[in-house]
Amino acid sequence: MEKVLTISAIARRSGVKASALRFYEEKGLIASERSNSGHRRFPRSTLRRIAFIVFAQRVGLSLEEISEELDKLPKKRTPTRDDWDKLSSKWLERIDKKIAEMEKLRVGLTGCIGCGCLSVDACKFVNPDDRVAARGTGPRFWV
């Protein structure tokens, strides 16, 4: 098994486009070494870091937050299960909030937005004179 992989091999194995990998490298999220010919060579452990990045983005972490988390991992060895567990355990509250938000959106889609109601008199989202604007910007009934 190869210890280092080309950018095309990493892209193929991770499912992440080479352009995104170059962007991640530019942001310091992953690192490569250069071969004598100047081509990028990534340690095999980079696949785990990329999986972490993809998962963290799906959870809703920003690239800055992801970078902060990755900085906590060891630089000179492949992260262990314990290393990953320490990072991900902090996300549980965030994941739970996201799940609750998605459930609320699901109810809204099926119970209100998708109801086909034509009676604004009975709608709980009626907002005469834009009274809800005092609560702040955005979809205030949902946040």
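**Briefing: helices and buried faces**

Ile50 lies in helix 3. Helices (H or I, at least four residues) and strands (E, at least two) are DSSP runs, numbered from the N terminus. This is a predicted model, in which local features need pLDDT of at least 70, side-chain atom pairs count only at pLDDT 80 or more, and totals for chains, interfaces and linings use all residues. Residues are numbered from 1 along each chain as its sequence is written, and side-chain values use heavy atoms, with hydrogens and water left out.

**Overall layout**

- The chain has six helices and three strands.
- Starting at the N terminus, the order of elements is β-α-α-β-β-α-α-α-α.
- Of the 143 residues in the chain, 24% are buried. Buried means under 20% relative accessible area, exposed over 50%, and partly exposed in between (1.4 Å probe, protein chains only).
- The chain has an accessible surface of about 10,400 Å², and carbon and sulfur atoms hold 53% of that. Areas come from the Shrake-Rupley method with a 1.4 Å probe; for residues, only the protein chains shown count as cover.
- Among contacts in the chain with a separation of 6 or more, 52% join residues 24 or more positions apart. Contact means heavy atoms within 4.5 Å.

- Ile50 counts as buried because its relative accessibility is 1%.
- Leaving out residues up to four places away in sequence, Ile50 touches Ile10, Ser14, Val16, Leu21 and Ile30.
- Ala11 is 39 residues from Ile50 along the chain, and their C-alpha atoms are separated by 9.7 Å.

**Helix 4 (63-70)**

- Ile66, Ser67, Glu69 and Leu70 are the buried residues here.
- Viewed down the axis of helix 4, they fall within an arc of 165°, so they line one face of the helix. The arc is that of the directions from the helix axis to the C-beta atoms.
- The cover over the buried residues of helix 4 includes helix 3 and helix 5.

**Helix 5 (81-89)**

- Asp83, Trp84 and Leu87 are the buried residues of helix 5.
- They sit on the same side of helix 5 because they cover an arc of only 95° around the axis.
- An α-helix has 3.6 residues a turn, so residues three or four places apart point the same way.
- Exposed residues Arg81, Asp82 and Lys86 are carried on the face turned away from the buried side of helix 5.
- Helix 3 (46-59) and helix 4 (63-70) are among the elements covering the buried residues of helix 5.
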